[in-house]
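User: Hey, I'm new to this one. Can you walk me through it?
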Amino acid sequence: MKKIFFLMVLLNGVFSSAQIIRKYSNEFLNIGAGARGLAMGGAVISNQNDVYSPMWNPAGLMGVERDWQGAAMHAEYFESIAKYDYIAYAKPLDSKGGVLGISIVRLGVDNILNTTQLIDTEGNIDYDKITKFSQSDYAALISYAFNPGGDQKLDVGVNAKVVYRNVGKFASGYGFGFDIGAIYHADSGWNYGGMLRDASTTVNFWTVNQKELSTVVNGEEFNPAPKDKMELTMPKLNVGLSKNFEFGQNYELLPEAGLNIDFAKTAALVSTDFASITPYAGAELAYQKMIFVRLGVNRFQTITDIEDLKRKVSFQPSAGIGIKYRGLTLDYAITNSGIGGSNFYSNFFSLKLDMGDFRND
């Protein structure tokens, strides 16, 4: 851990002076995975304790206590224009006392029309030169969670991630970075969690194909290649607290509330040049630990109404259900992907297999 921490500090110092910062770089890794967390509006920073944890807080992998867990999720955005897929595996390491996780993520838009060659050098239009391409973002995460010093109250986790982004024949980029997370289990039953995304300031290196991207019409060049071939993803901090409440023998309620902090100026409720802060909240109601109902709210921000030009607060609501039978869990979530009451809703389905519960039952 000391070597990893030193490397993160070193990389942060080297690249922070480059000034090639993209406010929404690698944003597909901030979507999250697992319909449970998405239905709760991301309110799982301190209570996600399974194979989906690396996308929320890698420290939660310590909840995988036996055998192994596997998971898969598929989602489609904006009437199936964009597709999101996630697959993961997690297994405890008996010799080390920690948990190892491997996750793969893809967000892609396929069949995009390429019109860069539509007009020839003399200004003539040729529709036969229209082709199609895909824009895809990939990420592979290797995660490790453990109890430092044998302290059973504190769980710590680290993500090492490699990113590959491709824009057809036009450009491709590779990136790498680290996330750090922790969860503290207090004697009072409260859980306190935090995750620092892109703790090392994730770096992306781009290669641009000028020949494919650019087109020349009447001696004038269109779509010139960008000058900056490197971009930095600044850190983001998510913190939350939760507690599980039992009602009788059949019902349990698990609420969480917290803050999302971006170290950049955004449209968040509280925004400065140093950081922007927005709250989130969510809850899960469980019946006999078999049937789950979930609600959440997230992404509070201020926007300008295009009709009356007045500033107002928008947010992203979410909801979902889940069912667990033996070691198999099927979850569903629906969330508003737009802002300010738009009609862009996305559906998420995720599946989890807990081999420990399956064999035990």
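This is a predicted model: local features need pLDDT of at least 70, side-chain atom pairs count only at pLDDT 80 or more; totals for chains, interfaces and linings use all residues.

User: What's the mean pLDDT of the chain?
Analyst: The mean is 82, and 82% of the residues reach 70 or more. pLDDT is the predictor's confidence in each residue, from 0 to 100.

User: And where does pLDDT stay under 50?
Analyst: Over residues 1–19.

User: OK, new topic. Is aspartate 155 buried or exposed?
Analyst: Buried, with a relative accessible area of 8%; buried means under 20%, exposed over 50%, partly exposed in between (1.4 Å probe, protein chains only).

User: Which side chains does aspartate 155 make polar contacts with?
Analyst: One is asparagine 147, at 2.5 Å, and another is histidine 185, at 2.8 Å. A polar contact is a pair of N or O atoms within 3.5 Å; within protein, one must be able to donate a hydrogen and the other to accept it, and residues adjacent in sequence count only if both atoms are side-chain atoms.

User: How many residues apart in sequence are aspartate 155 and histidine 185?
Analyst: They're 30 residues apart, yet 8.3 Å apart in space, C-alpha to C-alpha.

Note on methods:
Residues are numbered from 1 along each chain as its sequence is written. Side-chain values use heavy atoms; hydrogens and water are left out. Contact means heavy atoms within 4.5 Å.
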